[in-house]
Amino acid sequence: MNTTKSEQLFTKAQTLIPGGVNSPVRAFKAVGRHPFFVERAQGPWIIDEDGNKYVDYVCSWGPGILGHAHPKVIEAVQQVCAKGLTFGAPTAGEVELAELIGTCVPDVEMVRLVSSGTEAVMSAVRVARGFTGRDKIIKFAGSYHGHSDGLLVKAGSGLMTQSVPDSAGVPAGYAASTLTAVYNDEESVRSLMEENSGQVAAIVVEPVAANMGVVPPKEGFLEFLRRITKEQGSLLIFDEVITGFRLALGGASEYTGVHADLYTYGKIVGGGMPLAAYGGRRDIMSCVAPLGAVYQAGTLSGNPVAVTAGITTLKILMEDTGIYERIDRRAAKLEAAFQEKGLIVNRMGSLLSAFFIPGWDGKEGRELEKKKERKVENYDDACQCDREAFADYFNRMLERGIYVAPSQFEAMFVSDAHSDELIDKTCEAIWESVEEHQIL
Ligand SMILES: *Cc1c(COP(=O)(O)O)cnc(C)c1O
């Protein structure tokens with residue numbers, strides 16, 4: 001694999017940009033190599049500056065549910081660009097996107113558009129505090145809700161990958177009002193709620209955790225969160241930045257049937273542009289300025305170009321009703337390929353993770369029985385992974401032209417552009433890549 005241009009760019013980038021990248025996990029540090037620099041991408045393919053071509057299962061970390069550069073999205077964006085890039089004044093598209101989101105998720109009676117998932121969750125938490133008059137929030141270890149100060153506590157994938165448990169520079173006082181529970185563990189939530197009775201503004205949860213690897217909620221867990229927040233006068237916030245428009249048009253709330261008070265969206269909702277959203281119950285969202293007393297603003301919020309990419313993407317998802325069935329079926333094939341190699345796999349819809357947890361011999365299949373009983377249900381379970389084994393697998397996949405996230409703790413994203421043929425090719429690469437190193 002020729003990597004000359006990417007290496008040159010990375011050398012220069014490191015002198016100009018911290019670590020050479022604009023988001024930490026892009027650095028490929030955890031897999032012991034330097035990143036490739038992308039020249040372009042099309043459908044399921046991503047092509048680097050040296051002309052190497054990969055089947056892409058990162059999909060920009062989630063937005064790319066239609067694959068890259070979908071012709072309809074590109075055309076719509078090109079057309080709207082010609083009319084001007086930003087006005088700082090309302091546009092018709094914002095109303096249309098707000099209406100579309102509400103059509104997909106009826107719980108979202110009012111919505112505010114922002115520019116990143118970080119902003120969306122940060123703002124939803126502020127609204128929950130403003131609405132309830134309480135300060136504390138509960139999040140789950142290993143869940144990522146963006147990099148705002150109060151949410152960077154035991155915060156999942158990027159930090160797990162870099163082995164940074166928490167960030168420097170977060171004042172202790174901020175972190176103090178963030179309580180951390182164990183995902184899928186009702187007792188851990190109940191005791192925090194009791195110890196802090198009357199003080200918890202909200203529980204923030206990824207309804208399907210996807211930043212400690214994919215970890216689905218156990219039967220009844222989300223229902224429990226719904227019940228206890230209601231009982232205690234706290235709000236339930238579903239962070240659907242990954243799961244929104246991915247598990248179903250209505251996200252995890254449609255998929256699981258559990259309804260939150262507030263929702264946050266990002267990734268898919270922007271169709272590949274910097275756009276995110278938070279919304280929910282009308283009485284709660286009425287707290288947001290200029291209607292209410294909770295301040296939140298943004299110069300580029302509801303940017304017309306980003307809004308157009310979002311609208312076009314959501315419309316395609318709404319019109320092509322076969323998409324969710326197709327990506328689910330294809331992800332199930334990948335799941336089966338990993339399982340054949342004896343790996344623990346968590347999957348929900350088109351999101352999946354194979355966990356490289358030691359305890360068996362890949363060649364002989366020894367201890368397979370014991371392993372079968374093992375599950376990844378929370379952050380501690382995920383932490384048992386053998387990161388070197390994962391890195392080995394990552395590199396073997398890349399050599400075979402398959403790009404998966406350079407981290408054990410990220411999801412594999414299946415898009416509608418991944419044809420059955422490419423999925424079969426990927427399954428073969430999985431069989432080869434997992435078998436070869438045999439260190440499990
Ligand atoms: C990616 C992500 C965020 C942060 O979104 P950004 O657009 O990267 O700021 C928040 N919550 C979840 C669940 C995410 O996966």
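Glu 335 is buried, with a relative accessible area of 16%, where buried means under 20% relative accessible area, exposed over 50%, and partly exposed in between (1.4 Å probe, protein chains only). Its salt-bridge partner is Arg 347, and the closest N and O atoms of the two are 2.7 Å apart; a salt bridge is here a side-chain nitrogen of Lys or Arg within 4 Å of a carboxyl oxygen of Asp or Glu. The pair links distant parts of the chain, since Glu 335 belongs to helix H12 and Arg 347 to strand S11 (residues 344-348), twelve residues apart. Arg 347, at 22% relative accessibility, counts as partly exposed. Helices (H or I, at least four residues) and strands (E, at least two) are DSSP runs, numbered from the N terminus.

This is a predicted model, in which local features need a pLDDT of at least 70 and side-chain atom pairs count only at pLDDT 80 or more, while totals for chains, interfaces and linings use all residues. Residues are numbered from 1 along each chain as its sequence is written, and side-chain values use heavy atoms, with hydrogens and water left out.

The structure holds 18 salt bridges. One of them joins Asp 420 to Arg 330, with the closest N and O atoms 3.3 Å apart; this pair links distant parts of the chain, Asp 420 in helix H16 and Arg 330 in helix H12 (residues 323-340), 90 residues apart. Asp 420 is partly exposed at 28% relative accessibility, whereas Arg 330 is buried at 8%. Both residues also belong to a network of salt bridges that includes Asp 320, Glu 325, Arg 326, Arg 329 and Asp 416.

Another salt bridge is formed by Asp 261 and Arg 226, whose closest N and O atoms are 2.9 Å apart. The two are 35 residues apart and again link distant parts of the chain, with Asp 261 in the loop between helix H9 (251-256) and strand S9 (262-265), and Arg 226 in helix H8 (residues 221-232). Asp 261 counts as buried at 5% relative accessibility, and Arg 226 counts as buried at 13%.

Arg 330 leads on to His 418, because Arg 330 is among the residues that His 418 touches, contact meaning heavy atoms within 4.5 Å. Beyond residues up to four places away in sequence, the contacts of His 418 also include Pro 44, Val 55, Asp 56, Tyr 57, Cys 59, Phe 413 and Ile 423. His 418 is found in the loop between strand S14 (412-413) and helix H16 (420-437), and is buried, with a relative accessible area of 0%. A polar atom of the His 418 side chain lies 2.8 Å from the backbone oxygen of Asp 56.Helix H1 (residues 4-16) has 13 residues and reaches 19 Å from its first C-alpha to its last, close to the 18 Å expected at 1.5 Å a residue, a span taken as 1.5 Å times one less than the number of residues. The buried residues of H1 are Ser 6, Phe 10 and Ala 13. Seen down the axis of H1, these fall within an arc of 65 degrees, so they line one face of the helix; the arc is that of the directions from the helix axis to the C-beta atoms. On the other side of H1, Gln 8, Thr 11, Lys 12 and Thr 15 are exposed.

As for confidence, the protein chain averages a pLDDT of 93, and 93% of the residues score at least 70, pLDDT being the predictor's confidence in each residue, from 0 to 100. Over residues 360-366 the pLDDT is below 50, and this stretch has 13 contacts in the model beyond near neighbours in sequence. Where pLDDT is low, the predicted coordinates should not be read in detail.

Note on methods: Polar contact = N/O pair within 3.5 Å; in protein donor to acceptor, adjacent residues only side chain to side chain.
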